[in-house]
Amino acid sequence: MSILRNTQLWLIVIAIAHTALGVGGAYSMYGNDQLAIIGFFSLISIYLVYAALMTEGKAQARLAAVICGPVVVWFLLCAILGLDMLGDPAAPMPESIMPIVLWGLPALSGVMGWNSD
């Protein structure tokens, strides 16, 4: 199996990155003042781990596409429109290129495996 089509690998990579950078970064930046944001980041990580470890095949591919695809679109829209989140740029460029790629890989892998067995 090609590494690009390894949906489980990309879901695990993005779950680890999202937990470390999303949850950890939000906590280091906002502390306990923004527990709702930190909690939301944590919830997304749980969905990613579930999709990676508790599903396989077509179901895993579809979950990856449905969970990760909208995040890529959100990052792109935030970057294009220059949107802010909590007073900071939501997707500043070029810093947001890496998250777009990391979220895009499981989304692409999921679309490629949408109808696979």
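Residues are numbered from 1 along each chain as its sequence is written, and side-chain values use heavy atoms, with hydrogens and water left out. Because the model is predicted, local features need pLDDT of at least 70 and side-chain atom pairs count only at pLDDT 80 or more, while totals for chains, interfaces and linings use all residues.

Helices and strands are DSSP runs numbered from the N terminus (helices H or I, at least four residues; strands E, at least two). The axes of helix α3 (residues 57-81) and helix α4 (residues 97-112) come within 7 Å and cross at roughly 145°. Axes are lines fitted to C-alpha atoms, for helices over the stretch in contact, and angles run from 0 to 180 degrees between N-to-C directions. The crossing of α3 and α4 is left-handed, a term used if the near helix is turned anticlockwise from the far one by less than a right angle. On the α3 side, the contact (heavy atoms within 4.5 Å) is made by Ala61, Ala64, Ala65, Cys68, Gly69, Val71, Val72, Phe75 and Leu76. On the α4 side, Pro99, Ile100, Trp103, Gly104, Pro106, Ala107, Gly110 and Val111 take part. By class, this contact of α3 with α4 has 14 nonpolar, three polar and no charged residues. Ala, Val, Leu, Ile, Met, Phe, Trp, Tyr, Cys and Pro count as nonpolar, Asp, Glu, Lys and Arg as charged, and the others, Gly among them, as polar.

The largest nonpolar core has 20 residues, and those with the most contacts inside it are Leu11, Ile14, Leu48, Cys68, Phe75 and Trp103. Such a core is a set of buried Ala, Val, Leu, Ile, Met, Phe, Trp, Tyr and Cys residues joined through side-chain atoms within 4.5 Å. Buried means under 20% relative accessible area, exposed over 50%, and partly exposed in between (1.4 Å probe, protein chains only). Helices α1, α2 (35-53), α3 and α4 each supply at least two residues of this core, and α3 gives the most, with six residues. Not counting residues up to four places away in sequence, Trp103 touches Ile14, His18, Ile44, Leu48, Cys68, Val71, Val72 and Phe75.

The structure holds one aromatic pair. The rings of Trp74 and Phe75 have their centres 5.1 Å apart and their planes at 75°, so the pair is edge-to-face. Rings of Phe, Tyr and Trp (its six-membered ring) pair if their centres lie within 6.5 Å; planes under 30 degrees apart count as stacked, over 60 as edge-to-face and the rest as tilted. Phe75 is buried at 12% relative accessibility, whereas Trp74 is partly exposed at 36%.

Thr7 belongs to helix α1 (residues 7-30) and is buried at 6% relative accessibility. Beyond four places in sequence, Thr7 touches Gln60, Ala61, Ala64, Ser109 and Gly110. The C-alpha atoms of Thr7 and Leu105, 98 residues apart along the chain, are separated by 8.3 Å. Leu105 lies in helix α4; leaving aside residues up to four places away in sequence, Leu105 touches Leu4 and Trp10.

Leu63, in helix α3, is partly exposed with a relative accessible area of 27%. Apart from neighbours within four places in sequence, Leu63 is in contact with Tyr50, Ala51, Thr55 and Cys68. Leu35, in helix α2, counts as exposed at 51% relative accessibility.

The peptide bond from Met93 to Pro94 is cis, with omega near 5°. Pro94 lies in the loop between β2 (88-89) and α4.
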